[in-house]
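Good morning, colleagues. Please look at the structure now.

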Amino acid sequence: MSWQTYVDDHLLATGTVRQAALVDQKKPHASWAASPSFTVGTKEAEALMASFQDPSKIFESGITVNGVKYYALRANDRSIYAKKGSSGLVCVKTKLTIIVATYDDKIQPGQCTATTEKLADYLISVNF
């Protein structure tokens, strides 16, 4: 199975995720897969990694993904939840990747969170 399948079938096809990407933790400039027109830039990926290591900073400055600045609601060494207006961001770190998912005003934040965390649990269980 390709990494794109995880984005397409396990995130986007659920209808609970608007856009998504799988970002390599070791090479933040490299996405394993992403939805069309959704890019997590190198600086954005590096900022995400730093935020998992020290979540306190994003509560002050927010986090930018795909050129959109979100404000942190919750952050720890595994998950970051952030919001901008009626849209939001869910990022979950696995062993090798960061799952980055967004939702809009047509999706409940909890649905996006549950879908993203479920995929993260699976990837962790198979050592990814």
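Arg18 is partly exposed, with a relative accessibility of 48%; here buried means under 20% relative accessible area, exposed over 50%, and partly exposed in between, for a 1.4 Å probe and protein chains only. The partner of Arg18 in a salt bridge is Asp104, with the closest N and O atoms 3.5 Å apart. By a salt bridge I mean a side-chain nitrogen of Lys or Arg within 4 Å of a carboxyl oxygen of Asp or Glu. Asp104 lies in the loop between strand S7 (97-103) and helix H4 (109-125), and Arg18 in the loop between helix H1 (3-11) and strand S1 (19-24), so this pair ties together parts that are 86 residues apart in sequence. Helices (H or I, at least four residues) and strands (E, at least two) are DSSP runs, numbered from the N terminus. Asp104 itself counts as buried, at 18% relative accessibility.

A word on the source: this is a predicted model, in which local features need pLDDT of at least 70 and side-chain atom pairs count only at pLDDT 80 or more, while totals for chains, interfaces and linings use all residues. Residues are numbered from 1 along each chain as its sequence is written, and side-chain values use heavy atoms, leaving out hydrogens and water.

How many salt bridges does a search of the whole structure find? The search finds four. Another of them joins Arg78 and Asp121, at 2.7 Å from N to O. Arg78 and Asp121 also belong to a network of salt bridges with Glu117.
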